[in-house]
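Student: I would like to learn how to read a model of this kind, feature by feature. Where do we begin?

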Amino acid sequence: MCGLFAGLRHGLMVLATFFMAAQSFAQAPPVVVPAEAPAEPEVKMTDVATIEQLVGKDFAKAAEIVRDVWDFEIVRKPPVTVGTLAGGIVLLCLSYLASSMVSRWVAR
């Protein structure tokens, strides 16, 4: 029970520190940085011919195959692609890691 209160006290101290830091940053005058025009890219990666020209035909063919597999529809209604499924798996893994970190922090 004492560990729970210590964890809550630590969490409240961290939260109070964030609020104080946010207030001090909010009162600081804004910094104006002159915006420069972004440099134009030398090569636009839009088509297979450009990729072939840069890295060779073998890599361009491999990139085309990967793009076709990434956009392959597994389910038509609603459209679910391999990329959607891969993104979901990555988010699932990240949320699992985050939840394990939070549970370890709360257990202390």
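**Reading the model**

Tutor: We begin with one atom pair: the backbone oxygen of Leu97 lies 2.8 Å from a polar atom of the Ser100 side chain. A polar contact is a pair of N or O atoms within 3.5 Å; within protein, one must be able to donate a hydrogen and the other to accept it, and residues adjacent in sequence count only if both atoms are side-chain atoms. Ser100 lies in helix H4; helices (H or I, at least four residues) and strands (E, at least two) are DSSP runs, numbered from the N terminus.

This is a predicted model, in which local features need pLDDT of at least 70, side-chain atom pairs count only at pLDDT 80 or more, and totals for chains, interfaces and linings use all residues. Residues are numbered from 1 along each chain as its sequence is written, and side-chain values use heavy atoms, with hydrogens and water left out.

Student: Where in the protein chain is confidence lowest, and where is it highest?

Tutor: pLDDT is the predictor's confidence in each residue, from 0 to 100. Where pLDDT is low, the predicted coordinates should not be read in detail. Helix H1 (residues 2-27) has the lowest confidence, at a mean of 63, and H4 the highest, at 93. The protein chain averages 76, and 65% of the residues score at least 70.

Student: Which pattern does the protein chain follow along the sequence?

Tutor: The pattern is α-α-α-β-β-α, from four helices and two strands.

Student: Is Ser100 buried or exposed?

Tutor: Buried means under 20% relative accessible area, exposed over 50%, and partly exposed in between (1.4 Å probe, protein chains only). Ser100 counts as buried because its relative accessibility is 17%. Of the 108 residues of the protein chain, 6% count as buried. Thr81, in strand E2, is also buried, with a relative accessible area of 19%.

Student: Which residues does Thr81 touch?

Tutor: Contact means heavy atoms within 4.5 Å. Leaving out residues up to four places away in sequence, Thr81 touches Trp70, Asp71, Phe72, Glu73 and Ile74.

Student: Which side chains meet in a salt bridge?

Tutor: Side chains of opposite charge can pair when their charged atoms come close. A salt bridge is a side-chain nitrogen of Lys or Arg within 4 Å of a carboxyl oxygen of Asp or Glu. The structure holds one, between Arg76 and Glu73, at 3.0 Å from N to O. Arg76 is exposed, at 67% relative accessible area, whereas Glu73 is partly exposed, at 31%.

Student: Which residues form the nonpolar patch on the surface?

Tutor: Patches are made of residues with over 30% relative accessible area and no salt bridge: like charges are joined within 9 Å, nonpolar side chains (Val, Leu, Ile, Met, Phe, Trp, Tyr) within 5 Å. Here the members are Phe72, Ile74, Val75, Leu85 and Ile89, together about 460 Å² of accessible area. Strand E1 (73-75) and helix H4 (82-107) each supply at least two of the patch residues. Ile74 lies in E1 and counts as partly exposed, at 46% relative accessibility.

Student: Which residues does a cis peptide bond join?

Tutor: Most peptide bonds are trans. A cis bond joins Lys77 and Pro78, with omega about -15 degrees. Pro78 is in the loop between E1 and strand E2 (80-81).

Notes. Areas by Shrake-Rupley, 256 points an atom, 1.4 Å probe, with all protein chains shown as cover.
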